[in-house]
Amino acid sequence: MTLEGRGIVCDYGPVRALAGVDLRAAGREILAIVGPNGAGKTTLLKVLSGERRPDHGEVTLNGTRVSGSDAAWRARIGLVSHRTGLYEKLTAIENLRFFAALHGLRRNGRKLTATLEAVGAGDLAGRRVETLSRGQRQRVALARSILHDPEILFLDEPFTGLDPEGAAGLEHALTARRHDGAVVVLVTHDLRRGLRLADRVVVLRRGRKVFDGEAAEDGAAEILDHFTAGAEAP
């Protein structure tokens, strides 16, 4: 399974957020998209997931163009963004029951509980979302996104607000999804974590791709040195 973006261009009025970006993500692979603030990372993730149409270019899965308006496409993906997509007045388990119904899944209590436990949120099942911390909500949002076993998982800054235990649990969950054959696309400003977790990394700067390769390559380490020194990527 291969997800590709070709010649992606996105404008916000006079501002060009993405300037002809190409990338490729394969199954059983975690692709990290990293870069400084304003590099175009979130815009690129929105295009890949179908949340935003590019002004030019296309996104394909196994060579077939995909569209965010296609219900079949939406059923194949999971998305974790800055908006958790959770209903605050419902408990964590009630949220999962609701989303299971939307996906046409049997609302099997054991399955829902196991999904929460897989992301370290088993103890949150009976709590209303409005009472949860930012990190706890993030865990439940991840459970929502993987409930239907998506083939492709998109995550936008998923480590925000997580304590060390929660971050470790998230890394474990993403590694498990990769092992199951999913495409995992992760956007993060944390280049060090991205390089450690990912198989491949794409670095954006001012809407352009400045690096695309294996996370262990020397070029990726050099870019990390630029970031940790407080300088922009070249």
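The structure is a predicted model.

**First stop: Val21**

Select Val21, which lies in strand S2, spanning residues 15-26. Val21 has a relative accessible area of 1%, and it is therefore classed as buried, the limit being under 20%. Next, display the residues around Val21. Leaving aside residues up to four places away in sequence, Val21 is in contact with Gly5, Arg6, Gly7, Ile8, Leu44, Leu204, Gly207 and Lys209.

**Second stop: helix H6**

Move to helix H6, residues 164-179. At 1.5 Å a residue, its 16 residues should span 22 Å, and the distance of 23 Å between its end C-alpha atoms agrees with this. Colour the buried residues of H6: Gly166, Ala167, Gly169, Leu170, Glu171, Ala173, Leu174, Arg177 and Arg178. Which elements do these buried residues pack against? The partners are strands S3 (29-34), S7 (152-156) and S8 (183-188), together with helices H4 (109-118), H5 (134-146) and H7 (191-197). Following H6, select Gly181, where phi is positive, near 100 degrees.

Finally, show the surface of Tyr87, Phe98 and Leu102, which form a nonpolar patch of about 310 Å². Leu102 belongs to helix H3, residues 92-102. With a relative accessible area of 58%, Leu102 is exposed, whereas Val21 at the first stop is buried.

Methods: Residues are numbered from 1 along each chain as its sequence is written. This is a predicted model: local features need pLDDT of at least 70, side-chain atom pairs count only at pLDDT 80 or more; totals for chains, interfaces and linings use all residues. Side-chain values use heavy atoms; hydrogens and water are left out. Helices (H or I, at least four residues) and strands (E, at least two) are DSSP runs, numbered from the N terminus. Buried means under 20% relative accessible area, exposed over 50%, partly exposed in between (1.4 Å probe, protein chains only). Contact means heavy atoms within 4.5 Å. The expected span of a helix is 1.5 Å times one less than its number of residues. Patches are made of residues with over 30% relative accessible area and no salt bridge: like charges are joined within 9 Å, nonpolar side chains (Val, Leu, Ile, Met, Phe, Trp, Tyr) within 5 Å. Accessible areas come from the Shrake-Rupley method with a 1.4 Å probe; for residues, only the protein chains shown count as cover. A salt bridge is a side-chain nitrogen of Lys or Arg within 4 Å of a carboxyl oxygen of Asp or Glu.
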